[in-house]
Amino acid sequence: MPVRKFHDISEMEGNTWREPGPELHAAIRRVWEFAAKTVELRFPPGVYRHRSIEELDAQTERWAQANFDVFQARKQR
Amino acid sequence: MFGGVALNLHGLARATEDLAIFVAPNADNIARLRAALRSVFADPDIDQITAEDLLGDYPAIQYVPPTGLFHVDILTRLGERFAYADLAAEVIDLDGTPVTTITARALYEMKKDTVRAKDRADAEALARRFKLGDS
């Protein structure tokens with residue numbers, strides 16, 4: 001990839017979008033594979049029922065906190 | 001498809017840990033959803049994803065497959081603001097697989113007034129990219 005230079009950080013943001021197509025799909029794969037390698041997330045298998053989107057978001061937040069705690073503990077070992 | 005995966009399919013490759021899907025609220029469709037999940041995961045827990053729940057008191061269900069690597073968020077309605085019929089969608093080709101995906105405009109409308117900071121950031125990014133404003 002060539003070097004790209006910007007006058008301002010706001011110009012860089014537009015650079016992260018891609019037109020739908022093979023190049024975008026390859027970028028998605030790279031980002032998700034990189035994320036899986038750098039922050040290994042785990043969720044307890046099963047089915048979780050919620051009465052509202054707020055309940056769902058709260059469960060998602062609990063998983064995020066648990067994953068963060070595991071990640072921090074692993075770093076400190 | 002909506003949420004972070006939809007944002008990816010519209011052009012912004014970013015990491016997400018969930019696959020968010022809005023399903024048509026009828027029993028046949030929810031049966032098809034279970035069949036689709038069973039075609040990927042040999043998991044008896046999938047039987048717990050029922051029309052009785054999704055059409056009744058539990059319009060939001062999260063399913064974590066046995067791998068535990070991500071979760072599938074399944075919705076039949078989203079509070080009083082969004083129902084399946086309200087969501088404009090388009091078909092996006094993903095390496096030969098047609099994926100019914102919420103439009104950029106509808107995704108923006110869904111995310112712009114939400115509580116979570118990351119949703120508002122996504123809405124701002126969509127607004128800039130697709131030149132969207134309040135309709």
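In what follows, two residues are in contact, or touch, when heavy atoms of each lie within 4.5 Å. With that in hand, welcome to a predicted model of a complex with an ipTM of 0.88 and a pTM of 0.89. Chain B has an average pLDDT of 92, and 99% of its residues score at least 70. Here is a tour, starting with chain A and moving on to the cores of chain B.

**Chain A as a whole**

- Chain A is built from 3 helices and 1 strand, which follow one another as α-α-β-α along the sequence.
- The radius of gyration of chain A is 18 Å, whereas a compact globule of 77 residues would come out near 11 Å.
- Its C-alpha trace spans about 45 × 40 × 25 Å along the principal axes.
- Of the 77 residues in chain A, 21% count as buried.
- Chain A has an accessible surface of about 5900 Å², and carbon and sulfur atoms account for 57% of that area.

**Helix α3 of chain A**

- Helix α3 of chain A runs over residues 53-76, 24 residues in total. From first C-alpha to last it reaches 35 Å, close to the 34 Å expected at 1.5 Å a residue.
- The buried residues in α3(A) are Leu56(A), Gln59(A), Thr60(A), Trp63(A) and Asn67(A).
- These buried residues pack against β1 (46-50) of chain A, and also against β2 (60-64) and β3 (71-75) of chain B.

**The largest nonpolar core**

- As background, nonpolar side chains tend to be buried together in soluble globular proteins.
- The largest nonpolar core here contains 24 residues. Phe2(B), Phe22(B), Leu75(B), Ile102(B), Met110(B) and Leu126(B) have the most contacts inside it.
- Four elements of chain B, namely α1 (3-9), β1 (18-22), α4 (104-111) and α5 (117-130), each supply at least two residues of this core. The largest share, 5 residues, comes from α4(B).
- Leaving aside residues up to four places away in sequence, Leu75(B) touches Ile53(A) and Leu56(A) in chain A. Within chain B, and on the same terms, Leu75(B) touches Phe2(B), Ile21(B), Phe22(B), Val23(B), Pro59(B) and Ala60(B).

**A second core and Leu37(B)**

- A second, separate core has 15 residues, among them Ile30(B), Ile46(B), Ile49(B) and Val72(B).
- Leu37(B) sits in helix α2 of chain B, which covers residues 27-38.
- Leu37(B) counts as buried because its relative accessibility is 9%, below the 20% cut-off.
- Not counting residues up to four places away in sequence, Leu37(B) touches Ile46(B), Ile49(B) and Tyr63(B).
- Leu37(B) and Val72(B) are 35 residues apart along the chain, and their C-alpha atoms are separated by 9.9 Å.

**Two positive phi angles in chain B**

- For context, most residues other than glycine have a negative phi.
- Asp95(B) is not a glycine, yet its phi is positive, near 50°. Asp95(B) lies in the loop between β6 (89-94) and β7 (97-102) of chain B, and is partly exposed with a relative accessible area of 46%.
- Lys131(B) is not a glycine either, and has a positive phi of about 55°. Lys131(B) falls in the segment after α5 of chain B.
- Lys131(B) is exposed because its relative accessible area is 72%, over the 50% cut-off.

Key. Residues numbered from 1 in each chain as written. Chains lettered and ligands numbered in written order. Predicted model: local features only at pLDDT ≥ 70, side-chain atom pairs only at ≥ 80, totals over all residues. Heavy atoms only, no water. pLDDT = per-residue confidence, 0-100. Expected span 1.5 Å × (residues − 1). Buried < 20%, exposed > 50% of the residue type's maximum accessible area, 1.4 Å probe, protein only. Core = buried A, V, L, I, M, F, W, Y, C linked by side-chain atoms within 4.5 Å. Rg over C-alpha atoms; globule rule 2.2 N^0.38 Å. Areas by Shrake-Rupley, 256 points an atom, 1.4 Å probe, with all protein chains shown as cover.
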